[in-house]
Amino acid sequence: MLADAVVMIHAAYVVFVVFGLAAILIGVALEWEWVRGFCFRLSHLVAIALVCLEAILGVMCPLTTLEDSLRARAGQARYPGDFIGYWTHRLIFYNAPPWIFTALYAAFTILVAATFWLAPPKWPRHSAHSGRRLTSHNR
């Protein structure tokens, strides 16, 4: 059951990365303010950059490693687990040569990074009064 929970978290991560980019592109076109939020945009870029870095370095995703470990501890030699775990796993894992995934992750990372230039996020602002002490003179 824990391995299936890890798959669900993994799927949520994938959904955030893929649909996050779609939301940014659609949101910019429809002038949704939230898609320009700095924290959202930075966390989105970091999420895909981490995947890309893992692929370039040939490192297995920690979520995949954790899932495999949990399945081995439970004595599960193969999939599927339960219905949701099985289908979630089938949706996010494909059989293809590793270089294909590395190329896809790199291209997607470049696309996400390009949105910072094409549709820049709203950078955090510091208050004009930050750093100034409140005295009776400037109240």
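**Entry 1: a loop residue**
I started with Glu31, which counts as exposed at 65% relative accessibility. My scale is relative accessible area with a 1.4 Å probe on protein chains only: buried is under 20%, exposed is over 50%, and partly exposed is in between. Glu31 sits in the loop between H1 and H2. Its phi is near 60°, a positive value in a residue other than glycine.

This is a predicted model: local features need pLDDT of at least 70, side-chain atom pairs count only at pLDDT 80 or more, and totals for chains, interfaces and linings use all residues. Residues are numbered from 1 along each chain as its sequence is written, and side-chain values use heavy atoms, without hydrogens or water.

**Entry 2: the whole chain**
Next I stepped back and found five helices and zero strands in the protein chain. These are DSSP runs numbered from the N terminus (helices are H or I, at least four residues; strands are E, at least two). Along the sequence, I read the pattern α-α-α-α-α. Of the 139 residues in the protein chain, 29% are buried. I also looked up contacts (heavy atoms within 4.5 Å). Among those with a separation of 6 or more in the protein chain, 75% are between residues 24 or more positions apart.

**Entry 3: helix H2**
I went on to H2, which has 20 residues. From its first C-alpha to its last I get 28 Å, close to the 28 Å expected at 1.5 Å a residue. The expected span is 1.5 Å times one less than the number of residues. Its buried residues include Phe38, Phe40, Arg41, His44, Cys52, Glu54 and Ala55, and the buried residues of H2 pack against H1, H3 and H5.

How far is His44 buried? At 0% relative accessibility, I can count His44 as buried. His44 belongs to helix H2 and touches Phe16, Val17, Gly20, Leu21, Ile24 and Val112, not counting residues up to four places away in sequence.

**Entry 4: the core**
Which residues make up the largest nonpolar core? I listed eight in all: Val17, Leu21, Leu45, Ala47, Ile48, Val51, Val112 and Phe116. Helix H1 (2–29), helix H2 (38–57) and helix H5 (98–118) are the elements that give two or more residues to this core. H2 gives the most, with four residues. A core here is a set of buried Ala, Val, Leu, Ile, Met, Phe, Trp, Tyr and Cys residues joined through side-chain atoms within 4.5 Å.

I then picked Ile48 and set aside its neighbours within four places in sequence. That leaves Ile48 in contact with Val17, Tyr105, Phe108, Thr109 and Val112.

Phe108 made me look again. Its place is in helix H5, and Phe108 is partly exposed, with a relative accessible area of 23%. Phe108 touches Val17, Val18, Leu21 and Ile48, again not counting residues up to four places away. Phe108 and Leu21 are 87 residues apart in sequence and 9.1 Å apart in space, C-alpha to C-alpha.

**Entry 5: rings**
I looked up pairs of Phe, Tyr and Trp rings (for Trp, the six-membered ring) with centres within 6.5 Å; planes under 30 degrees apart are stacked, over 60 edge-to-face and the rest tilted. The count comes to six aromatic pairs. Phe38 and Trp123 form a tilted one, 4.8 Å centre to centre with 45° between the planes. Phe38 lies in helix H2 and Trp123 in the segment after H5, so this pair ties together parts that are 85 residues apart in sequence. Phe38 is buried at 18% relative accessible area, whereas Trp123 is exposed at 52%.

I also found Phe16, Trp32, Trp34 and Phe40 linked into a cluster by ring pairs.

**Entry 6: helix H3**
Last, I checked H3 (residues 62–73). At 1.5 Å a residue, its twelve residues should span 16 Å, and its end C-alpha atoms are 16 Å apart, which agrees. In H3, I noted Thr64, Glu67, Leu70 and Arg71 as buried. They cover an arc of only 130° around the axis, which puts them on the same side of H3. The arc uses the directions from the helix axis to the C-beta atoms. On the face turned away from the buried side, I found the exposed residues Pro62, Ala72 and Arg73. Gly75 follows H3, with a positive phi near 80°.
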